[in-house]
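Here is a short briefing for a first look at this structure. Keep the sequence and the 3D view side by side as you read.

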Amino acid sequence: LKERVRRTERMEAFGQLAGGVAHDFNNVLTIVRSYAQMIQDKTPQGDERTELLSKILAATDRGARLTRQLLVFSPDTSSERSCIKLNEVVAALDALFQSVIEEDIDLNVDLASDLHPIDADLSQMEQIILNLVINARDAMPDGGALTVRTRNIHVGAEDRIGPERLPSGDYVVLEVEDSGEGMRQKLVDRIFEPFFTTKSSGTGLGLSTVYGIVRGHGGIIDVDSAPSRGTRFTAFLPASCPEPSSQWEPDGPPSTTQ
Ligand code: ADP
């Protein structure tokens, strides 16, 4: 039994590390693929460029399959913390949302005007937002409403978030809500497990990565879901920032490129 527990722990650590890499690559490939698809859709039939575009599409599919097998080569994904304004991270991802979300999905971005800064890793924040948004999209194959929301919350000593307790203090809340297929409780119980997926081409690593990142930042993530009504993921991130936020450029976040 001890060995099995150790194996499970190793598996979780491995899954979370590898998940970062595989998912990042899959997200990039999704963008390349959707732009190539858009160009192909606009290219008249019989045009010789159609064949070249098909090759790009086939290559991105092959790349997506490869990243799933590349999981053994997980580099050190140590996190680089700085004082971050989550609203700016969400705003910078807007163009990306447009490219991964279908037209029949109504996207709402609702950002609190006085959001606390957080001490966080920028690319990990991008990753959790993108993973949650892509999952929400996948849950709405026939369209629906997707909301990305931020707000401040003060957690008191007696407050409970889902089944858990957080140290009292100020938190920033990130919510991603969809009106999609939703989940039964039995499914909800398993979604944060590495490699758990119900999708034919899923990796099952998105939410375990999100979970690991939120935990790594001293926060928790809660999920509220009901079949055919939709799902809401709520991440609570501590609003503590050692650096003065005045160090920031007044008109924009630091580089969002990697
Ligand atoms: P993947 O997306 O590769 O399947 P994840 O770890 O991101 O891996 O998600 C695990 C599973 O959780 C999904 O296969 C799906 O069944 C479920 N899930 C995640 N997000 C949602 C959502 N917004 N609505 C419904 N089901 C979801």
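Start inside the sheet: Thr 150 has Leu 174 in E5 as its bridge partner. The model is predicted. From that pair, the briefing moves to the whole sheet, then to the helices on it, and last to some single residues.

**The sheet**

- E4 and E5 run antiparallel, joined by ten bridges.
- The sheet is open and holds five strands, in the order E2-E4-E5-E7-E6. Its pairing is mixed.
- At the edges sit strand E2 (105-111) and strand E6 (220-226), each of which pairs on one side only.
- On average, neighbouring strands of this sheet are turned by 15° against each other, direction ignored.
- In general, strands of a sheet pair through backbone hydrogen bonds, in either a parallel or an antiparallel way.
- E2 and strand E4 (residues 144-155) take the parallel sense, over seven bridges.
- Two residue pairs can be picked out there. Asn 108 has Thr 147 in E4 as its bridge partner. Val 109 has Val 148 in E4.

**Helices on the sheet**

- H5 packs on the sheet and touches E2, E4, strand E5 (169-178) and strand E7 (230-238). The direction of H5 makes about 30° with that of E5.
- Helix H7 (residues 206-216) also packs on the sheet, where it touches E6 and E7. Its direction makes about 140° with that of E6.

**Helix H5**

- Helix H5 covers residues 122-138, 17 residues in total.
- From first C-alpha to last, H5 reaches 24 Å. That is close to the 24 Å expected at 1.5 Å a residue.
- H5 is mostly covered, with 13 of its 17 residues buried.

**Helix H7**

- H7 is mostly covered too: nine of its eleven residues are buried.
- The buried residues of H7 are Gly 206, Leu 207, Ser 208, Thr 209, Val 210, Tyr 211, Gly 212, Ile 213 and Val 214.
- Gly 218 follows H7 and has a positive phi, near 80°.

**Where H5 meets H7**

- The axes of H5 and H7 come within 9 Å. They cross at roughly 145°.
- The crossing of H5 and H7 is left-handed.
- Which residues of H5 meet H7? They are Gln 124, Gln 127, Ile 128, Asn 131, Leu 132 and Asn 135.
- On the H7 side, the contact is made by Gly 206, Thr 209, Val 210, Ile 213 and Val 214.
- By class, this contact of H5 with H7 has five nonpolar residues, six polar ones and no charged ones.

- Ser 228 lies in the loop between E6 and E7. Its phi is positive, about 60°, although Ser 228 is not a glycine.
- Is Ser 228 buried or exposed? Ser 228 counts as exposed because it has 8 C-beta neighbours inside 10 Å, and the cut-off for exposed is 12 or fewer.
- Phe 25 belongs to helix H1 (residues 2-42).
- Phe 25 counts as partly exposed because it has 16 C-beta neighbours inside 10 Å. Partly exposed is the class between exposed, at 12 or fewer, and buried, at 20 or more.
- Phe 25 and Asp 170 are 145 residues apart along the chain, and 34 Å separates their C-alpha atoms.

How values were computed:
Residues are numbered from 1 along each chain as its sequence is written. This is a predicted model: local features need pLDDT of at least 70, side-chain atom pairs count only at pLDDT 80 or more; totals for chains, interfaces and linings use all residues. Helices (H or I, at least four residues) and strands (E, at least two) are DSSP runs, numbered from the N terminus. The expected span of a helix is 1.5 Å times one less than its number of residues. Two strands pair if DSSP finds at least two bridges between them. Axes are lines fitted to C-alpha atoms, for helices over the stretch in contact, and angles run from 0 to 180 degrees between N-to-C directions. Two residues are in contact if their C-beta atoms, placed from the backbone, lie within 7 Å. A crossing is left-handed if the near helix is turned anticlockwise from the far one by less than a right angle, and right-handed if clockwise. Ala, Val, Leu, Ile, Met, Phe, Trp, Tyr, Cys and Pro count as nonpolar, Asp, Glu, Lys and Arg as charged, and the others, Gly among them, as polar.
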